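Hi,

Here is the structure I said I would pass on. Have a look at it first, and then read my notes below.

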Amino acid sequence: MKPKAGWGASFRYAFAGIAASLKTQRNLRFHCFAAVLVIAASLYFRLPPRDIAVLLLTIALVISLELMNTAVETAVDLITPERHPLAKLAKDAAAGAVLAAAVFAVVIGVLIFYRPVIAWFHALFG
């Protein structure tokens, strides 16, 4: 039986997985870029802490699901390089989870940013 990794090694493995995914996964890079924009906008509009917390949780969900999607796709490719209906289902379901979270993240963003953005436009263009 393989010995258990210590806390330090566990964190190193996790960060290595994130770094490798960022290097190889365009969609993850896009979601991280979008997250930075959303966080910057939340600070610019001085959103209340509760709204920022909701945004951070939403960002964490989308990025976590994108990482899981990468894990599923990589594991499926390792197990079977050929096309197989079950492999397709696994990959499509993982991608669907990311899509569902991303769509709801956009809805949450619209709900949270709608009033501050409208007020900003009114202040600029009266």
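D92 sits in helix α4, which covers residues 85-125. Keep in mind that this is a predicted model. With a relative accessible area of 41%, D92 counts as partly exposed, because that label covers values between 20% and 50%.

D92 is also one of the residues under the UniProt annotation "binding site", which comes from an unreviewed entry; the others in it are Y13, E73, E82, R83, H84 and K91. These residues spread over 80 residues of sequence, and in space they lie up to 30.1 Å apart between C-alpha atoms.

Y13, from that same record, belongs to helix α1. Is Y13 buried or exposed? Its relative accessible area is 58%, so Y13 is exposed.

Helix α1 spans residues 7-24 and also holds L22. L22 is partly exposed, at 30% relative accessibility. Together with W7, F11, F15 and I18, L22 makes a nonpolar patch on the surface, with about 590 Å² of accessible area in total.

Now for the whole chain. It has four helices and zero strands. Its radius of gyration is 19 Å, well over the 14 Å that the globule rule gives for 126 residues, so the chain is more spread out than a compact globule. Its C-alpha atoms fill a box of roughly 65 × 40 × 20 Å along the principal axes.

As for the surface, 20% of the 126 residues count as buried. The chain exposes about 9,700 Å², and carbon and sulfur atoms supply 73% of that.

Cheers

Definitions and conventions. Residues numbered from 1 in each chain as written. Predicted model: local features only at pLDDT ≥ 70, side-chain atom pairs only at ≥ 80, totals over all residues. Heavy atoms only, no water. Patch = residues over 30% accessible without salt bridge, like charges linked within 9 Å, V, L, I, M, F, W, Y side chains within 5 Å. Areas by Shrake-Rupley, 256 points an atom, 1.4 Å probe, with all protein chains shown as cover. Salt bridge = Lys/Arg side-chain N within 4 Å of Asp/Glu carboxyl O. Helix = DSSP H or I, 4+ residues; strand = E, 2+ residues; numbered from the N terminus. Buried < 20%, exposed > 50% of the residue type's maximum accessible area, 1.4 Å probe, protein only. UniProt positions renumbered as here; feature names shortened; annotations may be inferred. Rg over C-alpha atoms; globule rule 2.2 N^0.38 Å.
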